[in-house]
Amino acid sequence: MNRRIAAVTAAATAVLVVAGCSSSSKGKEGDKPGEKPGSAAERQAQEYREAAKKDRAKMLEVAVAYGKATALHDGEASCRLMTDEGRPGKDSSFESCVKFLKPLDADVRARAEAASFSVTGEPVAVPAAGDHPAGTGVMVTEESKPDGHTSYHRTALRMVKVKGTWLVDQDEDVYDSEMKNSSPAFSALMRSH
């Protein structure tokens, strides 16, 4: 019995000593904002969060660039930002896609160039549907003033990562009726499936 109590007491003491040693964080890296966290796990978690932020920013950058390129009917730029499967045209080739997006006349192009583009709302996970793989739904809003009045055109994009690069696999107009949904982009991308 005495041996059992001694063993339990020794184990408890060892746990307290270890816990006491590991709970102090004074003097470790990461105590101040902007410094690297002290433990390897903390550093790895921080690196993951920073990489995720950069990756998200890159995805949103591609979405806005695609919105601008399609509004301008810039076939070369638009088609480079799309997956092979997501390209319009008769055979989904780059060349067919470029031909599909016919250039705009000068007046329409000037209005499109004056428009501003932004991501509206939060990106949302979208499951695979039809021929489209699972991805991230993003809504890009085009704001223009063609006749002095502000107008908006919203497009939902299915963003997928192909060999480390964000590309558009699907684009759908967002209807005004879908704007009351919690995620208009999700609603538009899943509408036809």
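Predicted model: local features only at pLDDT ≥ 70, side-chain atom pairs only at ≥ 80, totals over all residues.
Let's begin with the largest pocket. There is about 420 Å³ of space in it. The lining is made up of 22 residues, and those closest to the pocket centre are Tyr-66, Thr-70, Thr-155, Asp-171 and Asp-173. Which elements supply at least two residues each to that lining? They are helix α2, residues 40-71, together with the strands β2 at 135-144, β3 at 151-162, and β4. The strand β4 covers residues 165-173, and β4 gives the most to the pocket lining, with five residues.

Next, the cysteines. How many disulfides does a search of the whole structure find? The search finds one. The partners are Cys-79 and Cys-97, with an S to S distance of 1.9 Å. The torsion about the S-S bond is -85 degrees, which makes the link left-handed. This pair ties together distant parts of the chain: Cys-79 belongs to helix α3, residues 75-80, while Cys-97 belongs to helix α4, residues 94-100, and the two are 18 residues apart.

Are these two cysteines buried or exposed? Cys-79 counts as buried because its relative accessibility is 0%, and buried means under 20%. Cys-97 is also at 0%, so Cys-97 counts as buried too.

While we are in helix α4, have a look at Ser-96, which is placed in that helix. Ser-96 has a relative accessible area of 11%, so this serine is buried.

For contrast, let me show you another serine, Ser-182. You will find Ser-182 in the loop between β4 and α6, the helix at 184-190. Is Ser-182 buried or exposed? Its relative accessible area is 83%, and exposed means over 50%, so Ser-182 is exposed. Ser-182 and Gly-121 are 61 residues apart along the chain, and their C-alpha atoms are separated by 9.6 Å.

His-73 has a positive phi, about 55 degrees, although His-73 is not a glycine. This histidine is found in the loop between α2 and α3, and it is partly exposed, with a relative accessible area of 29%. Lys-163 also has a positive phi without being a glycine, with a value near 50 degrees. Lys-163 is placed in the loop between β3 and β4, and at 85% relative accessible area this lysine is exposed.

Last, the aromatic rings. How many aromatic pairs does the count come to? The count is zero, where a pair would need ring centres within 6.5 Å. One ring does have a charge over it, though: the charged end of Arg-191 sits over the ring of Tyr-175, 3.8 Å from the ring centre.

Methods:
Residues numbered from 1 in each chain as written. Heavy atoms only, no water. Helix = DSSP H or I, 4+ residues; strand = E, 2+ residues; numbered from the N terminus. Buried < 20%, exposed > 50% of the residue type's maximum accessible area, 1.4 Å probe, protein only. Disulfide = S-S within 2.5 Å. 1 Å grid on protein atoms, 1.4 Å probe; cavity = no way out; pocket = protein on both sides within 12 Å on 5 of 7 lines; lining within 4 Å. Points joined across faces, edges and corners; volume = space filled by probe spheres on them. Phe/Tyr/Trp six-rings, centres within 6.5 Å; stacked < 30°, edge-to-face > 60°. Lys NZ or Arg CZ within 6 Å of the ring centre and 35° of its normal.
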